[in-house]
Structures are given as C-alpha cells and as structure tokens.
Amino acid sequence: QVQLVESGGGLVQAGGSLRLSCAASGSIRRIMTMGWYRRAPGKQRELVATITSDMITAYADSVKGRFTISRDNAKNTVSLQMNSLKPEDTALYYCKAELFLRSKSGLDTYWGQGTQVTVSS
C-alpha cells in the first residue's frame, strides 16, 4: 500500500557532501514523523535524524552540525543533507515514515529498502 524509495547514496571522500532523498507513495492520508536511520557493518541500526509534520527536528549527537533533515509535506518527501562526511558515517541509510493510511485508522510504520553511503578516508 505504501512505498518509500530512497535515492542519493554513493561513494564520497571524507569531508565531502551527499544529499539523500526519500519519496513516499501510496494510499497515504497523512504522514506524521519521518526520519533517517543507518546501519553500519557489524552494528545495530541507529537513529540519524527525525522531523515531525510540524518541522520539529532531532539529530543524533554524532551528526549534529553536519547533517540537516528537511521535508516537503505536499510531496511526501524527506531529505538529508550530509556535509563534512566522515568514514564512520559509512552505512546503509534507511528512510522511515510513521503515517495514517486512507483505508484504516491507527498509525503505521514503513521503511525504505536503504541506500548505501560510503565515505573513504
């Protein structure tokens, strides 16, 4: 019923920038919180940044001041601008959306399939 499709990952040198985007489509009534998470090799998935429908943002301490999350409520998209990238930012980045479907009540959670970000030293 809902798809989240990420784009924008790739290989970049340390100190460089990348911009990730995620588009949600399907039978969506309203998207509440959207966010980005990541899983580095051998580690558990961790929160990177979230943004509410009221544009309230939150960041992991490790990315504060370097990453910026934004969203377009009209287009059901969320983006993550990543600057000053470090090798430790290398991970598979996932988009997450908490939303209400048109066909039912209750909040549902959806994940994208992930986009790889690799930062070389």
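**View 1. The aromatic pair of Y37 and W111 in the predicted model.** The structure holds one aromatic pair; rings of Phe, Tyr and Trp (its six-membered ring) count as a pair if their centres lie within 6.5 Å, with planes under 30 degrees apart called stacked, over 60 edge-to-face and the rest tilted. Y37 lies in strand β4 and W111 in strand β10 (residues 107-111), so the pair ties together parts that are 74 residues apart in sequence. Strands (E, at least two residues) are DSSP runs, numbered from the N terminus. Y37 counts as buried at 13% relative accessibility, whereas W111 is partly exposed at 32%. Buried means under 20% relative accessible area, exposed over 50% and partly exposed in between (1.4 Å probe, protein chains only). This is a predicted model, in which local features need pLDDT of at least 70 and side-chain atom pairs count only at pLDDT 80 or more, while totals for chains, interfaces and linings use all residues. Residues are numbered from 1 along each chain as its sequence is written, and side-chain values use heavy atoms, with hydrogens and water left out.

**View 2. R45 over the rings of W111 and Y94.** R45 lies over the face of W111, at 3.7 Å from the ring centre. The charged end of R45 also sits over the ring of Y94, 5.3 Å from its centre. A charge is taken to sit over a ring if NZ of Lys or CZ of Arg is within 6 Å of the ring centre and within 35 degrees of the ring normal.

**View 3. Strand β4 with its partners β5 and β9.** Strands β4 (residues 28-39) and β9 (residues 91-101) pair in the antiparallel sense over nine bridges; two strands pair if DSSP finds at least two bridges between them. M34 has A97 as its bridge partner in β9. β4 is also joined to strand β5 (residues 46-51), antiparallel, by five bridges. Here Y37 is bridged to L47 of β5. The hairpin of β4 and β5 has six residues between the strands, and G42 in this hairpin takes a positive phi near 80°.

**View 4. The disulfide between C22 and C95.** One disulfide is counted, the criterion being a pair of cysteine sulfur atoms within 2.5 Å. C22 is joined to C95 with an S to S distance of 2.1 Å. The link is left-handed, with -80° about the S-S bond. C22 lies in strand β3 and C95 in strand β9, so the link ties together parts that are 73 residues apart in sequence. Both cysteines, C22 and C95, are buried.

**View 5. Strand β1 alongside β3.** β1 and β3 (residues 18-26) run antiparallel and are joined by six bridges. On β1 (residues 2-7), V2, L4 and E6 make up the covered face, and Q3, V5 and S7 the uncovered one.

**View 6. R66 in the loop between β6 and β7.** R66 is placed in the loop between β6 (57-59) and β7 (67-72). At 10% relative accessibility, R66 counts as buried. Its side chain makes a polar contact with the side chain of D89, at 2.7 Å. A polar contact is a pair of N or O atoms within 3.5 Å; within protein, one must be able to donate a hydrogen and the other to accept it, and residues adjacent in sequence count only if both atoms are side-chain atoms. Not counting residues up to four places away in sequence, R66 touches Q81, M82, N83, S84, L85, K86 and D89, where contact means heavy atoms within 4.5 Å.

Notes:
Helices (H or I, at least four residues) and strands (E, at least two) are DSSP runs, numbered from the N terminus.
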